[in-house]
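Student: Hi, could we go through this one together, one piece at a time?
Tutor: Gladly; here it is.
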Amino acid sequence: MTKTETTQDSAPTWMGPSPEQLAAHRISPRFYNSDLAPSKKEGRSWTAYSVFTLWANDVHSLGNYGFALGLFALGLGAWQILVALLVGAALLFFLLTLSGFMGHKTGVPYPVMSRIAFGVHGAQLAASVRGIVAIAWFGIQTYLASSVLNVLLITLMPGLQPWADTEFLGLSGLGWFSFTLLWIVQVIIVSYGMEMIRKYEAIAGPIILVTFVSLAIWMLSRVDFSISWAREDALSGWPMWMHILGGGSLWVAIYGTFVLNFSDFTRAAKKKGSIVVGNFWGIPINMLVFGLVVISLAGAQYKIDGTVITSPADIVQTIGNPILLALASFALLILTVAVNLMANFVAPTYALTNMFPRHLNFRSAAIISAVIGFVILPWNLYDSPVVIVYFLGGLGALLGPLFGVIMVDYWVIRKTKVNVPQLYTEANDGEYFYHRGVNWRAIGAFVPASMISLVFALVPAFAGFSEFSWFSGAGIAAIIYFIIARRNFTFREVDGEEIAVPTTH
């Protein structure tokens, strides 16, 4: 922490806590740096609009459209799809608001937040699981975006087709160019920190909304605004309701990553109301718009030729006008980059910083995350069912139990009382040191809940329960932890303003 020089007649302005303040709270450099430190309440920059644009981008991701269009393919009609999405939206609004409040109150990122329940060392488990999932998906999403860029480049410059026909290490020459270009763009954006991400999301959000609404209106105009409301073999009765409830549950599971590390973003929120308002417009309202777009695209295409589409990209590629095709493809690129930055770049960056706070800052950790996402050759991972289903699916099943433990510990056991400075000390008598830095009661709740969640998610015999694996894991972990959690302790509430730093990223 350095002091800003001022004129001789004025008092010095500190950019952060003094060494004396850090020493007074026994702050350890093993757990503290300017990126992991609490954010000062004054100067926070995330407004309700910032939170809204976060969801305006992420909700309209190509992966989410693929999921929702899949509900139509399974036999759900228009109103059933809307009900499934809105059930998930209502649950997400509640869960994300709870998670967001934690970040706003403490001002700390998710890896530090995990120390409250799991201990200063045990939190590495919670941060690592989230980070590994994110790094893999960062590479995969960049690869999917590069496929869109390939189509755009060939449309604009047909002479590049020979580059698309050559292959090296599983990817075409044009694919390597597109992937590397998008990788560099994302690294540049994230290297400027969270504030640059906020600005990018603020610009991308309206572009994405206008693009998809326009695409829906164009499709509706092709069928004179009269769509097929369901497939001919639409589901009914109990199977229909199981898919509706399962769809709502999976909608929450998709955001199992975000409900964990939402504090990475809300630690910079100006006020709690910003989180509530941003979440309200970004989750239930935005998801209603999303659902109407899905119904319009799926119903219109089905009426045109009986085809069940799997992605908006299927429709974009049918646009005959090269200029309109280029604009739509460019919008999809903006969208995919926006989703990747917030969903798959921030989490591993903070996780790595949490592991090596004395050696890494936000920028260097971001670059390392990106390099790992590059060298794993993610297109090969995407083409491997074993990796997607068992490795990433298995890690995803662990997110529910983590959420269950953290939420019960914070809201029920501690009743939101947190001693923020103690999150950064390695003293044996530290409030979050527990037993050698690990809260084994939290681990004791996490392990059995994770095993059950993994069985539901991965074992074919329990395929009927797989849609509810996130909720089963979160619920079981929450119940176990509520029973075995330590209560013979006086929880103290101490804010982190004395050791906080200005929100610069």
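Student: Where is Ile 372?
Tutor: Ile 372 lies in helix 16, residues 362–375, where helices are DSSP runs of H or I with at least four residues, numbered from the N terminus. Please keep in mind that this is a predicted model, in which local features need pLDDT of at least 70, side-chain atom pairs count only at pLDDT 80 or more, and totals for chains, interfaces and linings use all residues. Residues are numbered from 1 along each chain as its sequence is written, and side-chain values use heavy atoms, with hydrogens and water left out.
Student: Is Ile 372 buried, exposed or partly exposed?
Tutor: Its relative accessible area is 33%, so Ile 372 is partly exposed, since buried means under 20%, exposed over 50%, and partly exposed in between (1.4 Å probe, protein chains only).
Student: Okay, new topic: which helix holds Glu 201?
Tutor: Glu 201 belongs to helix 9, residues 194–222. Leaving aside neighbours within four places in sequence, Glu 201 is in contact (heavy atoms within 4.5 Å) with residues including Thr 53, Asn 57 and Met 342.
Student: And what about Asn 380, where is that?
Tutor: Asn 380 sits in helix 17, residues 378–382, and with a relative accessible area of 38% this residue is partly exposed.
Student: Which residues is Asn 380 in contact with, leaving aside its neighbours within four places in sequence?
Tutor: Those are Leu 169 and Gly 170. As for Ala 73, which is 307 residues apart from Asn 380 along the chain, the C-alpha atoms of the two are separated by 27 Å.

Methods
Helix = DSSP H or I, 4+ residues; strand = E, 2+ residues; numbered from the N terminus.
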